[in-house]
Protein chains: 2
Amino acid sequence: MGGGSNRVETFPEFQDLESPPQISAHGVQPLEIHKVAFQKKQSTFRALKQELGEIFFPDDPLHQFKNKSFSRKLLLALQYIFPIIQWGSEYNLQLLKSDAISGLTIASLAIPQGISYAKLANLPPITGLYSSFVPPLVYSVLGSSKDLAVGPVSIASLVMGSMLRDQVNPDLEPLLYLQLAFTATFFAGVFQASLGFLRLGFIVDYLSKATLVGFMGGAAIIVSLQQLKGLFDIVHFTTKMDFVSVIVSVFKNRTEWAWQSVVFGLCFLAFLLITRHIGMKRPKYFWVSAAAPLTSVILSTIILFALKSHAHGIDIIGRLEKGVNPPSADMLYFQGSYLGLVVKTGIVTGILSLTEGIAVGRTFASLKNYQVDGNKEMMAIGLMNMAGSCTSCYVTTGSFSRSAVNYNAGSKTAASNIVMASVVLITMLFLMPLFYYTPNVILSVIILTAVVGLIDFGAAVRLWKVDKLDFMACLGAFFGVLFISVEIGLIVALGISMLKILIHVTRPNIVILGNIPGTQNYRSLGQYKEAIRIPSFIILGIESPLYFTNSMYLQERVMRWVREEEERTSDMNESEINYIVLDVSAVTAVDTSGIEALLELKKTLNSRSLQLVLANPVAGVAEKLRLSEAWEKLESECIYMCVGEAIAAFSSMSKNSEPDMRK
Amino acid sequence: MGGGSNRVETFPEFQDLESPPQISAHGVQPLEIHKVAFQKKQSTFRALKQELGEIFFPDDPLHQFKNKSFSRKLLLALQYIFPIIQWGSEYNLQLLKSDAISGLTIASLAIPQGISYAKLANLPPITGLYSSFVPPLVYSVLGSSKDLAVGPVSIASLVMGSMLRDQVNPDLEPLLYLQLAFTATFFAGVFQASLGFLRLGFIVDYLSKATLVGFMGGAAIIVSLQQLKGLFDIVHFTTKMDFVSVIVSVFKNRTEWAWQSVVFGLCFLAFLLITRHIGMKRPKYFWVSAAAPLTSVILSTIILFALKSHAHGIDIIGRLEKGVNPPSADMLYFQGSYLGLVVKTGIVTGILSLTEGIAVGRTFASLKNYQVDGNKEMMAIGLMNMAGSCTSCYVTTGSFSRSAVNYNAGSKTAASNIVMASVVLITMLFLMPLFYYTPNVILSVIILTAVVGLIDFGAAVRLWKVDKLDFMACLGAFFGVLFISVEIGLIVALGISMLKILIHVTRPNIVILGNIPGTQNYRSLGQYKEAIRIPSFIILGIESPLYFTNSMYLQERVMRWVREEEERTSDMNESEINYIVLDVSAVTAVDTSGIEALLELKKTLNSRSLQLVLANPVAGVAEKLRLSEAWEKLESECIYMCVGEAIAAFSSMSKNSEPDMRK
């Protein structure tokens, strides 16, 4: 016990040395019975305020402002909004060196990936570079993660591309398509920033791990299948995304397959996968995998340049625009028949990119042991996308693969994003012509390598081992994405996740409890072998809140326990059952239907001369029982603080042959 | 203690008389530490079988078949499927007398209500009588409730009428409309029977009490508003159902108002409401309110007959068809553009009528203390509607008002339904011409009186008092039905009900616990004033399952408790915090995200030199922790059976200055 404490007058350990020790088991000495207490009364307004506080401000984000002077508060507020003020004021050459190295490294990854992902979203390749320039700059000012590398990501690109292409053909109406993409980005940003501002950040937690494993796996396969177009150099490819359509399209267009492209692509794919493997096995050599995509681009471009027109069957990018992000605020599309589409696309890509960004931020923050404020981070990502949509960028977020490289390359602050943006800027201004001979197939294999990491077999196996229903949610998302559509996959997975929660409150565990000898504890007979039944009592532990969803079940299931126990005791010639004790410790909430179920149950039991006893209602439940006047109807003498005291009270009553004393 | 028991060798009360009493508080004598146990291992198949059994067969419906001979089993099975075999074999004249009286009484209610409700569904009046003939007969053979009076009901009639009229005009295409109504009834029956057969009966419990109070109230007002057409005798009435449209339509057609109809109607409305009030206040005089509708019909018909053509402005029913239910199986509509509509209408009316029927059956079963098997009852109602759809009936179920009259009139078995059906048959065959002069306004006031009872102000007030969120669900359903549509109202209410469950698992209560002096119990400091903190420990009770929805919240909220407690102890100069004990008794389930949250939390706490300790994981949670290998990572020495033992173990460790002994 840490010494120096002089305020522990009531600590039981010391208390017991003075007072005679209490005896723990039932009945030997009359046990002191504690009344079940209620929470201190609060006005409706105060209670509501506290409840809303818990829902929206669980982390008490303003606690650092308490008891500070005004100027200090102002500085803290500015630092809260612009974290760059905080780390910028302590910036030095040492940090710059680390950030410059990591910034250069992620730039070498960001440029080929940017071009590839833009193509995945059916956008002009340079949009990918635009999106790797403005958003990282905005994030470095507003963001609170030190490791997030910001830019376009594969899943959001895929989803945006697939949702928009459903209604607008990017080849026939490229300008409209571009407008819709920027507008969807704008709505994604507004949605993300509002979630953060309204402190609804917990919404991203609703995409459970299991759902995401399945969704990511399915999406990765969809993305990979799309790359078959580039790999086989097929011209007439389906515009659909689902597994069946793509496979059919690949085999129907066999005549268009170009073996040169396939061979060329497979060689570089092997190179990229091997370097990726090395980078993953030995984090020290992360730069091998980090540099591989740019190396592939340079190498393949040189080869194609050397072969020039001799390289039949290998399609090249061709001329790319040059220049810095043009403004696009006037291209935003706020009315017309596609408004519903862009809002929907914005929300779906917004939530997906938010989920990835927040998860990546939290992962690396936890590795370096600092905190990332989810809601604050959402506002940063949202504002970054809103700014992006006005400067020809599409949806961006923190990318997992680039952030990992950033972390391994030793980034210290968000300045590595500034370095990366500067390199991208130089590329956009001066180096675009160099990509003329870059083969499209290289972009496809770069995407292939990047999305392979999204398929997480190990996680799926662990889900199966630990939780079959989680595994079902995972499979639902996987097959939904693969065979129907990205949105359906997400909805299926969300549905299964919710269903799981509902099943738990529809069919709660009800376990029969027994005494652990020598203690006052009552535990499940199924779990603890040493637990023993108490004659005349059925003690049931109810493991779920009592809601409308389980109020009928509770009654039926308890009556079934009573029937089974009565059959057992009469078979075994034991003393007959008199009391049904419900241990409601785990009933953490109750609604009006649940209260009625308890009253109904009491009536049914009483009609069989059985007594219903409640043990350990928590504060919230006790309060509801009191408010609904069920407390009196359940007879307050039948509500105890713990099972032990209930048993002791009724046992001593039976012994004194006064079973009706308390009725 | 009931004597005669000779198998209680281990009952603690007796045991303690022999063994030296254990001392309950911490540290004075080294406490025996119990290992947390796991459930007995089961194969995946057995575990799955048990889980599915709990979900679909919680009431163990086959237990009565156990250990019986084959012929006995066969008889039981027949009795299970056709309850009439059971009660029919014991039927006698005494029972017949009671059933005849109650059957006649409900017939006098069923005939005017049947005609009125059919009009509410835009169907020919005689359909209401058809529906009061075949379905009650089918139910009396299959149903297990002794009090349910079967026939058309107001809510289902309204909903079917409103959903079908949305797409087909009953005045322009009466035959198609009739076809669709019968087909919707067929699908409702199929849906209901399948729910019962697949043992998914718990679905009806998802319409919580709160939702139903709001929904019924809203629907009752919608139905009442529709009656303004009849009351004011308006010819050009809106076909829409929502509040605003109807009110606008009533006032726009002021020129059509017929004062004769209004006066006539209001007189009979007053009569019906007064008799209803008498019937409710004095159950002995239930027959006053039961006979009132038929009396009104007879009286008003005689008046209109006497006045004949002098009665301007009072519309009469006119000629009604005669005869018994014509077959309608060939009218069912299984293909074409309206198939989606009838399936949807069938499902919505099916679930609504099921909810009413099951609730009514359970209510009266509980009053007479017998059990109604929900799933069995659903099959009966479903088959009844399927049979009905082939004999020109529309959706029927157990009506609350008529069942209450049936109960009060002293019905003993389902034979009262047979008596009622016989009276309806006689009416259909011989008495239909008598309704020629019955004024339409009387049917409207009969409906008005019937639905007034559905508006339950008292219940809404109780909801507000007990549970603000339940009240919100109630309001959502109410306004949704009133201002938008019946379906939207239902969806809103279901959504709010689900949301409530989700909020509970998104923002679980986490309370700080203290020791109740003199016991081994640890209870919330907010609830129990006598509870005291234990120096060096923070003991937190987590009141919800750990799911993906709250895994981030758990970490943030626990760290906030740690921060606040550390601030408090340093302010108060108390000994510093070393251990964080999570009482997970109420964590009744955990998923993969929840497990990761625990591991993450442990890491964060360890990095601050704090020790995470778990107390009392229930069987399911312990199992999941073991399967995911989190058990070892959390260090099994840091998981205790109860808070008391954890505190005792770590306190004695600190005293022996061996804080690392268990690490």
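**Exercise 1. Work out what covers the buried residues of helix α17 of chain B.**

Start with the cover: in this predicted model, the elements over the buried residues of α17(B) include α5 (93-120), α6 (125-130), α7 (134-142), β1 (150-151) and α16 (400-408) of chain B. Next, pick out the residues being covered. Among the buried ones are B:Ala415, B:Ser416 and B:Asn417, and B:Val424, B:Thr427 and B:Met428 are on the list too. Last, check the helix length. α17 runs over residues 415-431 of chain B, and at 1.5 Å a residue its 17 residues should span 24 Å; the end C-alpha atoms sit 23 Å apart, so the two agree.

**Exercise 2. Do the length check for α12 of chain B, then find its cover.**

Take the 23 residues of α12 (residues 259-281) of chain B: at 1.5 Å each, they should span 33 Å. The end C-alpha atoms are 33 Å apart, which agrees. Now for the buried residues, including B:Phe264, B:Phe268, B:Leu272 and B:Arg276. Their cover includes α10 (209-232), α13 (286-307) and α18 (440-452) of chain B.

**Exercise 3. Is B:Glu600 buried, exposed or partly exposed, and what does it touch?**

Then count: 16 other C-beta atoms lie within 10 Å of B:Glu600. Buried takes 20 or more and exposed takes 12 or fewer, so B:Glu600 comes out partly exposed. Now skip its neighbours within four places in sequence, and the contacts of B:Glu600 are A:Ser366 and B:Gln555. B:Gln555 is 45 residues away from B:Glu600 in sequence, yet their C-alpha atoms are 7.8 Å apart.

**Exercise 4. Trace the open sheet of chain A and say which strands stand at its edges.**

Walk across the six strands in order: β4-β3-β5-β6-β7-β8, with mixed pairing. β4 (522-524) and β8 (639-640) of chain A each have a single partner strand, so one side of each has no neighbour in the sheet, and these are the edges. Zoom in on one pair: β3 (residues 509-515) and β5 (residues 537-543) of chain A run antiparallel over four bridges. One detail to look up: A:Asn509 has A:Glu543 as its bridge partner in β5(A).

**Exercise 5. Compare an annotated transmembrane stretch with the model, then look at the domains of chain A.**

The unreviewed UniProt entry annotates residues 176-198 and 442-464 of chain A, among others, as "transmembrane region". For 442-464, the values are 83% helix, 0% strand and 36 Å. As for domains, the assignment gives domain 1 (97-500) and domain 2 (508-655), and their C-alpha centres are 55 Å apart.

Key
Residues are numbered from 1 along each chain as its sequence is written. Chains are lettered from A and ligands numbered from 1 in the order in which they are written. This is a predicted model: local features need pLDDT of at least 70, side-chain atom pairs count only at pLDDT 80 or more; totals for chains, interfaces and linings use all residues. UniProt positions are given in the numbering used here, feature names are shortened, and annotations may be inferred rather than shown by experiment. Helices (H or I, at least four residues) and strands (E, at least two) are DSSP runs, numbered from the N terminus. Two strands pair if DSSP finds at least two bridges between them. The expected span of a helix is 1.5 Å times one less than its number of residues. Two residues are in contact if their C-beta atoms, placed from the backbone, lie within 7 Å. Domain bounds come from an automatic or database domain assignment.
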